[in-house]
Amino acid sequence: MAMLPRNMFDRVWIMEELNILHITEKPLVIFLPGTAADPRSAHATQDTYRCLFHNMECSTEVGTPRTSDEYGEVLAHMSADKRHQWYDWTRSVRENKHENGWLQFHDVMQPVFDVSKLDLTATVKCKPIKLRLKDHCVTAVMCQIRTDHDTALIRLSAMQKRTSLFALMFAEDGILLNANQAALRKYGPDCIESDSFHLKDLFVGGCCAEGQAEEIAAYEEAHEACFKLGVESYRHPIPRISNKTGELKWSMMEMWPMTDPITGKPAVLVIVHNITQQKRMELQLAQRHEALQRANQDLEQNRIQLERQTAAIQREKDALQQEARNLAQRLEAIIHDKFIPKSHIDADTPIDKTLNFLHAFIAGEEPSVQSALDIYHVLTESNTDLRQPVGLESQLLKKSSMDTEVGMSMLQLLTGPAAFREGTNPDSEGNKPSPKSLSRQTSMLKGTDRCQQVLISEASISASVTPQLERMLQDADTNWQFDIFAFSEQAEGHALSLLSFYFFQRFDVAEKFGMDPVKLATFVRVIEKGYDPQNPYHNSIHVASVVQMTHLLLHQGGVAKVMTDNQICATYYAALVHDFEHLGVNNDYLIKSFHPLAVMYNDISPLENHHVAAAVRVMLRPECMFFGNLTKDTALFRPVIVNQVLGTDMKKHFDITSRFQTAFKRSAPNSASSSETRGDSAPGTSTGSDTSRQAPATDGIDWDNVKADDKMLVFQMLLKCADIGHLAAAQDTHKRWAYQLEEEFFQQGDREKEIGLPVSPLMDRSNKGGITRSQMGFFSIVGLPMFKAMADVFEGAQPMLDGVMANYRSWEAAAAAADSPT
């Protein structure tokens, strides 16, 4: 028989040289499968096929290969999985990555030949071959076909293909079809080669409890599973008595259904292996499992007894803990009372008193009947304001140890003009503004339009930053006692614009919202120009200090972690404009003098409303419109800005602070009051009721689930703290601000005299001292409770509270020294 050339697969053939393959006595075929663009669709492909060569033996024994059309039709009727298998196999042959062995002809050659012409014994071996077709080379598939294999070898090959473990192959009728060498050694060649060896023989001869009937039933069950139910595999354990030792041994019969490669009919592969050791281990494990179950039952009984004992101990522990909490609350109240100043004011609102009463009741205490009656009487009065301290006027003017003028000043600051509150007619002879006051108010209103066109570029702001200023700007990032006056001197009157623009750029606020940096710089400078330098206190330096304190509360105090980028940007803006075009007088003056702003805003926060509105008018100028999308951006920012700036009106102080404490600082009724008060005991931070004080439970707030209204309280508290942030400044800086505010109040008193109005408390420079006389009361009633409430929720703000406490102690020491005999 002519053999294939040895170097046939190591060279490139031309088509004419393939004629030499006609002399081989085995069928050969060479074909080229592939894909090409489908002319019917721009993005689709179609299968291609060319039969390049087949010899005469192929035509005689196998038949003529399919044409291209027949090939495409066969592939079209094949399943997607079969097509992918065909593509993968031909590609692996062409890349020489396939198994170099004989394969079942029927399995792989259906697309190329009509396989029905050959029986199942036909096999094929494939190799890649390189051919030159005109001007290019291709790698085709050459297949050598055999039709004379031995049936035993074919079956053995099929068994080996599945796994080398299988020893026997049986037909559906139980007749043995093939056996490997291991089976021959175990069962003997004579036994296997005879026609009497049957699949059933593997099931009988054991030691089943019910004898042969159980063995036959096991055989029938296995036969049905493998040949009728179509299971993937079947396992059956067989017990036997050893002929040598008489011991019980176990075998496991594994059966895997398959197709006989010769007849194409159902068959089954069988292997029997020894599992005696496994069974012994299973028996030992079963015994251990039984012992463990008994031990678990004993442990369960012990657990039940222990749980009963633990429950009794827990009940006793809970009772002791409740008693300890009650004692701790009473002790905290006692310790707190020790630090209450003599001028202590009960700043609890009706809501605070009601919540304290309920907390005490839920904690297991017995509030007095008098406490309940007091709350009842307060709540049933028609003029009760639920968010204002109970009897504040009486406390400040009658029951407090502070002098009357200081009390009147605090009362006017927190509630409004005393003359109006008491029902005095503002047009009566003693309170009616003089005729020249109208012209005075008109001139003051014109002062609100002092901002002229200011065109300033971003480059000019950057150019004004000296190395010294750059170091001070970096210090402003983290210093809670930043020296704003020293910075203002270095900035030469532009402290506010430099600091504001630095923070906007430093934290990418402008870039995040697509702001025009030139227009932003112009806007900041125009706003800065809108602060009257003649105001001793409400000037651009004060606002610069508020912007810096706002920045610290955001990024050092931790408030920014609970805010969105929109809210952070809005807060910077609110701090920048919160006193824009301030007139150097308070709201009470505007209301009493019928100033146009008070008339415009119906006596409701006229200054604060003007600050917001006037700043918006500036922003709407073309040269100041730094927002890229006015409608979208302002819709996101404006609610935060308006609420924050209007919240700086001290008339709203108790309302905002009380709501904030209710939302964040009170312990839940069913939780332990475990939080410890940080720092010194702060005067004025007690709830002041006769029930035990609840320690604030502020850790672990789930900010994602905090209501929007409650978050707005956080934003308002932030700007309120920043607005009086000089209380936390270094002592010299703080006192400088206090005296400048006192001078501004004196100037308001001068104006009140000038237009014929009664001089407001602590604003008459002819009297001894001004608002510096009220610092102890302001710290106790307003400052310390607010700063402590903020620091309790945001622990990063503790340095701010420490600074406030230090300044309070300074005023306290000064007051003690003044009262002591010389």
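Five strands form an open sheet in the order E8-E7-E11-E10-E9, with antiparallel pairing. Strands pair if DSSP finds at least two bridges between them; helices (H or I, at least four residues) and strands (E, at least two) are DSSP runs, numbered from the N terminus. The model is predicted, so local features need pLDDT of at least 70 and side-chain atom pairs count only at pLDDT 80 or more, while totals for chains, interfaces and linings use all residues. Residues are numbered from 1 along each chain as its sequence is written, and side-chain values use heavy atoms, with hydrogens and water left out.

- Strand E8 (176-179) and strand E9 (234-241) are the edge strands, each pairing on one side only.
- On average, neighbouring strands of this sheet are turned by 25 degrees against each other, direction ignored.
- Helix H8 (residues 212-227) packs on the sheet and touches strand E7 (168-171), E9, E10 and E11; contact means heavy atoms within 4.5 Å.
- The direction of H8 makes about 160 degrees with that of E9; axes are lines fitted to C-alpha atoms, for helices over the stretch in contact, and angles run from 0 to 180 degrees between N-to-C directions.
- Strand E10 (residues 248-259) and strand E11 (residues 266-274) run antiparallel and are joined by nine bridges.
- Glutamate 254 has isoleucine 271 in E11 as its bridge partner.

**Aromatic pairs**

- The whole structure holds 23 aromatic pairs; rings of Phe, Tyr and Trp (its six-membered ring) pair if their centres lie within 6.5 Å, and planes under 30 degrees apart count as stacked, over 60 as edge-to-face and the rest as tilted.
- The pair of phenylalanine 504 and tyrosine 572 is tilted, because the ring centres are 5.9 Å apart and the planes are at 45 degrees.
- Phenylalanine 504 lies in helix H19 (residues 495-506) and tyrosine 572 in helix H23 (residues 565-577), so this pair ties together parts that are 68 residues apart in sequence.
- Both phenylalanine 504 and tyrosine 572 are buried, a term for under 20% relative accessible area, with exposed over 50% and partly exposed in between (1.4 Å probe, protein chains only).
- Tryptophan 703 and phenylalanine 794 have ring centres 5.5 Å apart and planes at 20 degrees, so they are stacked.
- Tryptophan 703 is in the loop between helix H28 (653-664) and helix H29 (708-723), and phenylalanine 794 in the loop between helix H31 (775-793) and helix H32 (798-819), so the pair ties together parts that are 91 residues apart in sequence.
- Tryptophan 703 counts as buried at 15% relative accessibility, and phenylalanine 794 is buried with a relative accessible area of 6%.
- Phe513, Phe523, Tyr573, Phe626, Phe627 and Phe637 are linked into a cluster by ring pairs.

**Threonine 657**

- Threonine 657 is part of helix H28 and counts as buried at 5% relative accessibility.
- Apart from its neighbours within four places in sequence, threonine 657 is in contact with Met717 and Lys720.
- From C-alpha to C-alpha, threonine 657 and proline 785 are 8.5 Å apart in space, and they are 128 residues apart in sequence.

**The protein as a whole**

- The protein has 32 helices and eleven strands.
- Among its 822 residues, 48% count as buried.
- Of the contacts with a separation of 6 or more, 69% are between residues 24 or more positions apart.
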